[in-house]
Amino acid sequence: MSIQTARISNAALYSAGKSYLGRAKSIEVPSLKRLTEKYEGLGMLGGIEFPTGAYDVLEANITMNALSKDFMGEILKSDKAADLLVMSPQEVWVSGARVAVEGVEIAMRGFTKEAGVGTFEQNKPTEGKYTLSLSYLRISVAGDDLVLYDAQNNILAINGDDQHAALRAAMGS
């Protein structure tokens, strides 16, 4: 029996219009943090938490290793959300051999919450740190959407299964 493993080996940052935005040192994709509410009642051994159907604010963190006119022009707009696209190869390995390379795409839309140019030191690169508050996140591998999160339209789809379709239908939308 062969065990398949996959690993992301690199990435590039683009605007959604596919224009290259410069070299990022790192990109931290947000975690989906489900909001819960504690429920307690007589006759129960203890409290339990139920999901509320909502998620905490998503934040992406990007560290740039140089100042980029294109990057800053895209994310520092005050009247329009930034549309960013991270593209990456994911190598698939079986029994010590690479058998495939799949494309990974992470699309993010949001406003910059914090922008820091970094510290200037002799013979050291700057590390500008940027935090974006996201309203939209799509993660896909080999063309298949694994996660589709759209806060404004109340959409959460996992592996193509719309988790909130019944909730939207009950609200008449």
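Predicted model: local features only at pLDDT ≥ 70, side-chain atom pairs only at ≥ 80, totals over all residues.
Is Asn159 buried or exposed in this model? At 56% relative accessibility, Asn159 counts as exposed, where exposed means over 50% relative accessible area, buried under 20% and partly exposed in between, with a 1.4 Å probe and protein chains only. Residues are numbered from 1 along each chain as its sequence is written, and side-chain values use heavy atoms, with hydrogens and water left out.

Asn159 is placed in the loop between strand S11 (155-158) and strand S12 (161-162), strands being DSSP runs of E with at least two residues, numbered from the N terminus. Its phi is near 50°, a positive value in a residue other than glycine. Ser95 also has phi near 50°, again positive without being glycine, and Ser95 is found in the loop between strand S7 (82-94) and strand S8 (97-116). With a relative accessible area of 61%, Ser95 is exposed.

Let me turn to the aromatic residues. Rings of Phe, Tyr and Trp (its six-membered ring) pair if their centres lie within 6.5 Å, and planes under 30 degrees apart count as stacked, over 60 as edge-to-face and the rest as tilted. By this rule there are 4 aromatic pairs. In one of them, the rings of Tyr39 and Phe50 have centres 5.8 Å apart and planes at 70°, so the pair is edge-to-face. This pair links distant parts of the chain, with Tyr39 in strand S4 (residues 34-39) and Phe50 in strand S5, 11 residues apart. Tyr39 is partly exposed at 44% relative accessible area, and Phe50 is partly exposed at 43%.

Another edge-to-face pair is formed by Tyr55 and Tyr149, at 6.3 Å centre to centre and 80° between the planes. Because Tyr55 lies in strand S5 and Tyr149 in strand S10 (residues 144-150), the pair ties together parts that are 94 residues apart in sequence. Here Tyr55 is buried, with a relative accessible area of 17%, and Tyr149 is buried, with 8%.

One further ring contact involves a charge: the charged end of Arg109 sits over the ring of Tyr136, 4.6 Å from its centre, the rule being that NZ of Lys or CZ of Arg is within 6 Å of the ring centre and within 35 degrees of the ring normal.

Technical notes:
Helix = DSSP H or I, 4+ residues; strand = E, 2+ residues; numbered from the N terminus.
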